[in-house]
Amino acid sequence: MIERIIIIDGVDPVSFYGVNNCNLQLIKNLHPKLRIAARGSVIKVIGEDAETERFEKAIHELEQHCIKYNKLTEESILDILQGKQPSDLKPDEAIIYGINGKPIQARTQHQKELVDTFLKNDLTFALGPAGTGKTYIAIALAVRALKNREVRKIILSRPAVEAGEKLGFLPGDMKDKIDPYLQPLYDALEDMIPAAKLKEYMESKVIQIAPLAFMRGRTLSDAIIVLDEAQNTTTHQIKMFLTRLGMNAKMVITGDVTQIDLPRSTASGLIRALNVLRNVDGVGRVEFDKKDIVRAKLVQRIVEAYEKYDKEHSESPSEPEN
């Protein structure tokens, strides 16, 4: 009889063991000759050498399945332990699997184009109106690269530019003031990574979310870097950010040039960058339109209404805004 210690550090224990440890209990029932105890990410097993070796291999197969699909079902456990392909999964074109195994995939032609362009280029611009999934797909691609161990970290950033509100009047310390600007990035991550694992990634700096100003002086290597709302960067800010790109790193810049919140006298750095880098090798560009909007149908109608209004009226500085 020997004792083996198995570490499942790549997976969220809650997803792996199941509700009320139902998955763990099934695994125990399927190995009656072994004494199995689990706590956190550590599984202790006692039994004959050959039997415990087979058990360890099976546990790591289950771990890899759970990492990829973010869930472990009774059907998957039975199939994997019997050496079969899990039968409860349908083949699809998912980028990754979110919470509870929800497939996250490109749903429109331009979203698919973003996936392809990301794979072919080190720097990708994703441009278009709100609700087209630009940032969501970019973060999904970053999470996939992290799960596949293609990179060691994800860095997500946004310029902290006020859209009608002043940063200084918000309550709390600097983190409290900045976090509301970064919330859309947190929301996307929470869809894709179990809460306990996401907290671990954040605390260990594997995933970093920071305002643009915090990027100065850094070299970002072995990472996927996403800059969201880039239309609100100045020329100097976006140049600073673009030149942070290090070895074995990819960068995605998302923005909507129709929603610039900078002062009227300040030019958008995104527009300048698009012109400067238009013919540079290794730089890709994907342009979304209102047909790609995947939020509520009302959002598409709102975008169309504003486009129609802009064509019919020339904006006047004196026009009152309510």
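In which sense do strand β6 and strand β10 pair, and over how many bridges?

**Figure 1. Pairing of strands β6 and β10 in the predicted model.** Strand β6 (residues 123-127) and strand β10 (residues 250-255) pair in the parallel sense, over 5 bridges. Leu-123 has Met-251 of β10 as its bridge partner.

**Figure 2. The open sheet of 6 strands.** The strands follow the order β8-β7-β9-β10-β6-β11, and their pairing is parallel. At the edges lie β8 (207-211) and β11 (283-287), each of which pairs on one side only. From one strand to the next, the twist averages 15°.

**Figure 3. Helix α9 on the sheet strands β6, β7, β9 and β10.** Helix α9, formed by residues 235-242, lies across β6, β7 (153-158), β9 (223-227) and β10. Relative to β10, helix α9 runs at about 155°.

**Figure 4. Salt bridge between Asp-49 and Arg-4.** The side chains of these two residues meet at 2.9 Å, N to O. The pair links distant parts of the chain, with Asp-49 in helix α3 (residues 49-69) and Arg-4 in strand β1 (residues 2-7), 45 residues apart. Asp-49 is partly exposed because its relative accessibility is 42%, whereas Arg-4 has a relative accessible area of 18% and is therefore buried.

**Figure 5. Salt bridge between Arg-4 and Glu-56.** The closest N and O atoms of this pair are 3.1 Å apart. Glu-56 is partly exposed, at a relative accessible area of 22%. Arg-4, Asp-49 and Glu-56 are linked in a network of salt bridges.

**Figure 6. Salt bridge between Lys-197 and Glu-200 in helix α8.** Side chains of opposite charge can pair when their charged atoms come close. In this view, the side chains of Lys-197 and Glu-200 meet at 3.3 Å, N to O. The two residues are 3 residues apart in helix α8 (residues 195-203), so about one helical turn separates them. Lys-197 counts as buried because its relative accessibility is 7%, while Glu-200, with a relative accessible area of 41%, is partly exposed. The structure as a whole holds 8 salt bridges, one of which joins Lys-197 and Glu-200.

Terms used
Residues are numbered from 1 along each chain as its sequence is written. This is a predicted model: local features need pLDDT of at least 70, side-chain atom pairs count only at pLDDT 80 or more; totals for chains, interfaces and linings use all residues. Side-chain values use heavy atoms; hydrogens and water are left out. A salt bridge is a side-chain nitrogen of Lys or Arg within 4 Å of a carboxyl oxygen of Asp or Glu. Helices (H or I, at least four residues) and strands (E, at least two) are DSSP runs, numbered from the N terminus. Buried means under 20% relative accessible area, exposed over 50%, partly exposed in between (1.4 Å probe, protein chains only). Two strands pair if DSSP finds at least two bridges between them. Axes are lines fitted to C-alpha atoms, for helices over the stretch in contact, and angles run from 0 to 180 degrees between N-to-C directions. Contact means heavy atoms within 4.5 Å.
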